[in-house]
Amino acid sequence: GKGLIIPLNCQVVCVHEDWNSGGAGNALGTLYAWQKACKACIKNERDLEAELKTNKISVALYHTAGKGTRLAPLPGAENNNKPGVKLPAMISDGKVLTILESVIKQTGIYASSRKGRLSVFWGDQIFVPTVDTKYDPSLAHADILCMLGPMPNAEEWKEKGLEKYGLIAVAQSGTACQIEKVDYETALSMTKNNLGQISQVGTSLGSFSIDAQLLFALLQEFNQELNQKIAQFDTDPHWWMPMTLPLEAYCQVMKKKAIESAQAEAHYFRIQKMIQNLNTSKNLLAPVDIGTAAYWWDYGQLKLYLKNAFQLIEDSSEAHLMREFLQVKCGQLSANDDQISAASAVHLGVTSKTAHSVLANIYVQHLEADRAIAVNCTAKRLILGKHALAYNILEPNELILADGEVCTDVFMPDGTKIRQRSRIDIDGGKQWKIQLDSNSFSFEQIYKTNLSTDVLQVAQTSSKAHTDLAASFDLTIHAD
């Protein structure tokens, strides 16, 4: 909310991508979202284009598209609001912190450095830099967040597994280029003509910012695709690589993507022609280092959600930083406990017993949890096996989860709910269309059922149901 996650004077604009088919890709999707945001603001008599051109504002765009199949069944429990999936932490009294709110909270540190720029972030990844985040963006038309380190030798390149990642290679002059999943020798050959000697290289996070001049050049160049809502272009292969790589190297990369040389060459020369009109005193692309020791928490998969959650009860520098960032405390919840748990807004009956568990917004008369996770649950009796996850549960009687079991409640507009179960070793993406034995519907069927749901109405209905049930309990143990 305003004043908690974003400044009080910040304007939030929500737009959706109604592309003709297949999605626009994150490159055209960025341009299309910007256009729709500008149109929405004009209705409120605000000219975003003029404000960006005159460096009056800093704009951040958060990509939240996708069904969240690999995070299933959690997005379904949020009525398809994937960025609204809750983390085991609180933002305020009665309000659980979501993935998107966490991303916005973290990325806001770049706002003061980026007046006159459009920043683009992914809505399910949190990263915490270990270097100063203030920098001068005026040296380049575009910059990309990356984990920079000195250029390694061939042996070190292989040891670090750099051939598995999209990378940013940086010359001694500070200019950079994007390379993708290549070995050491290939990286050198690809960059020798445009960069010369590489001084630094690092894993790209994909998040970037562009200045107004490049933004409007891209809007003009891709005007036809945007008007007709056709084509699918992504930033790495369709912007950064043709901007910064030699033609031969670019065609080599695109060949691996099954793109014919003629098509790759045509796109390459299209981008090269566009950038001829940009201010040549600036680099095309520059790195924004977040530090080689930076922390990067990805919530795009169910197994990663659990991995990150359990880190809250570990004893490491990363765990301490995560608890500080999410404002989560660890400790023994009651005299029954001989082990610590991470707890935020937890309210339990006197007989409850927990150990090494992660709990947030819990109202349970009797809870048994040993190395388990429970988020936004109200229940009379909740018994959780090891590595079990209870999420958005409303249970007037008893719910028992076996080791590794995942359980959610999906609320409907009429107040009814559908219980969905899974396991931590099940990939929702692979099982998306399959109805698990424990469920009445597949994850896809839940997704389709949710398409017409009024999310705000359901949120109000479920909140009242949780409040009413919790009022019937005698809860004497409290951890805020």
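In the structure examined here, H356 is partly exposed, with a relative accessible area of 29%, where partly exposed denotes the range between buried (under 20% relative accessible area) and exposed (over 50%), computed with a 1.4 Å probe and with protein chains only. The structure is a predicted model, in which local features need pLDDT of at least 70 and side-chain atom pairs count only at pLDDT 80 or more, whereas totals for chains, interfaces and linings use all residues. Residues are numbered from 1 along each chain as its sequence is written, and side-chain values use heavy atoms, with hydrogens and water left out.

H356 lies in the loop between β14 (353–355) and β15 (358–370), and its phi is near 50°, a positive value in a residue other than glycine. A positive phi, near 55°, is also found for N361, likewise a residue other than glycine; N361 is situated in strand β15 and, at 8% relative accessibility, counts as buried. A further backbone feature is the cis peptide bond that joins A72 and P73, with omega about 15°; P73 belongs to the loop between β1 (59–63) and α3 (74–77).

Turning to the chain as a whole, the protein chain contains 15 helices and 21 strands, these being DSSP runs numbered from the N terminus (helices: H or I, at least four residues; strands: E, at least two). The radius of gyration of the protein chain is 24 Å, which agrees with the value near 23 Å that a compact globule of 480 residues would have; the radius is taken over C-alpha atoms, and the globule rule is 2.2 Å times the number of residues to the power 0.38. Along the principal axes, the C-alpha atoms fill a box of roughly 70 × 55 × 45 Å. Of the 480 residues, 54% count as buried, and residues 24 or more positions apart account for 57% of the contacts with a separation of 6 or more, a contact being heavy atoms within 4.5 Å.

In helix α9 (residues 235–244), 10 of its 10 residues are buried, among them H238, W239 and W240. Helix α7 (residues 212–221) is largely enclosed by the rest of the structure, because seven of its 10 residues are buried, including L214, L215 and F216. In helix α4 (residues 99–107), T107 counts as buried at 3% relative accessibility, and, leaving aside neighbours within four places in sequence, T107 is in contact with Y62, F121 and F127.

A search of the whole structure finds 15 aromatic pairs, for which rings of Phe, Tyr and Trp (its six-membered ring) must have centres within 6.5 Å, planes under 30 degrees apart being stacked, over 60 edge-to-face and the rest tilted. The rings of Y110 and F127 have centres 6.4 Å apart and planes at 40°, so the pair is tilted. This pair links distant parts of the chain, 17 residues apart, with Y110 in the loop between α4 and β4 (117–122) and F127 in strand β5 (residues 125–128); Y110 and F127 are both buried. F208 and W239 form an edge-to-face pair, at 6.3 Å centre to centre and 80° between the planes. Here too distant parts of the chain are linked, F208 in strand β9 (residues 198–211) and W239 in helix α9 being 31 residues apart. Both F208 and W239 are buried, and ring pairs link F208, W239 and W240 into a cluster.
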